[in-house]
Amino acid sequence: MATKEKIVDLKSKPEKITDEQLKKVQNTVNGINRAQLEIGSMELRKHEMMHQIAGLRDELTVLQTEFEKEYGTYDINLDDGSINWPKENKDEK
């Protein structure tokens with residue numbers, strides 16, 4: 001039976017990466033963390049804006065109901081406020 005000789009590495013293994021490597025990896029990780037924090041802030045702002053839009057849509061629905069009761073339609077020209085009467089009601093003004 002053949003025996004294998006063990007080769008012993010006499011060089012010591014480094015215990016730390018270089019300062020330059022450490023700086024690079026820290027900067028990279030910090031950049032990732034900042035970007036993730038910014039995304040979180042954007043998502044929070046998006047969520048708040050979606051709630052704002054929902055509230056405005058509810059408000060628009062209330063206004064449309066008021067116009068429907070008062071004028072028989074809520075089809076309004078937003079530029080000048082004129083009522084876009086349905087074809088069958090145009091003559092009834």
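Entry 1: The model is a predicted one, in which local features need pLDDT of at least 70 and side-chain atom pairs count only at pLDDT 80 or more, while totals for chains, interfaces and linings use all residues. Residues are numbered from 1 along each chain as its sequence is written, and side-chain values use heavy atoms, with hydrogens and water left out.

I then noted that the side chains of Arg45 and Glu48 meet in a salt bridge at 3.9 Å, N to O. I used the term for a side-chain nitrogen of Lys or Arg within 4 Å of a carboxyl oxygen of Asp or Glu. Glu48 is partly exposed at 40% relative accessible area. In general, an α-helix has 3.6 residues a turn, so residues three or four places apart point the same way.

**Entry 2: the other salt bridge.** I searched the whole structure and recorded two salt bridges. Besides the one above, I found Lys24 joined to Glu20 at 3.7 Å, N to O. Lys24 and Glu20 lie four residues apart in helix H1, about one turn of the helix. Both Lys24 and Glu20 are exposed.

**Entry 3: aromatic rings.** How many aromatic pairs does a search of the whole structure find? I found one. The pair is Phe67 with Tyr71, and it is tilted, with 6.3 Å centre to centre and 45° between the planes. Rings of Phe, Tyr and Trp (its six-membered ring) pair if their centres lie within 6.5 Å; planes under 30 degrees apart count as stacked, over 60 as edge-to-face and the rest as tilted. Both residues belong to helix H1, four residues apart. I noted Phe67 as partly exposed at 30% relative accessibility, and Tyr71 as partly exposed at 35%.

Entry 4: Helix H1 covers residues 19-71, and its 53 residues should span 78 Å at 1.5 Å a residue; the end C-alpha atoms are 76 Å apart, which agrees. The expected span is 1.5 Å times one less than the number of residues. After H1 comes Gly72, with a positive phi near 85°.

**Entry 5: extent and surface.** I noted a box of roughly 110 × 40 × 20 Å for the C-alpha atoms, taken along the principal axes. Lys13, in the segment before H1, is 53 residues from Glu66 in sequence and 80 Å from Glu66 in space, C-alpha to C-alpha. Lys13 counts as exposed at 71% relative accessibility. Buried residues make up 1% of the 93 in the chain.

Technical notes
Helices (H or I, at least four residues) and strands (E, at least two) are DSSP runs, numbered from the N terminus. Buried means under 20% relative accessible area, exposed over 50%, partly exposed in between (1.4 Å probe, protein chains only).
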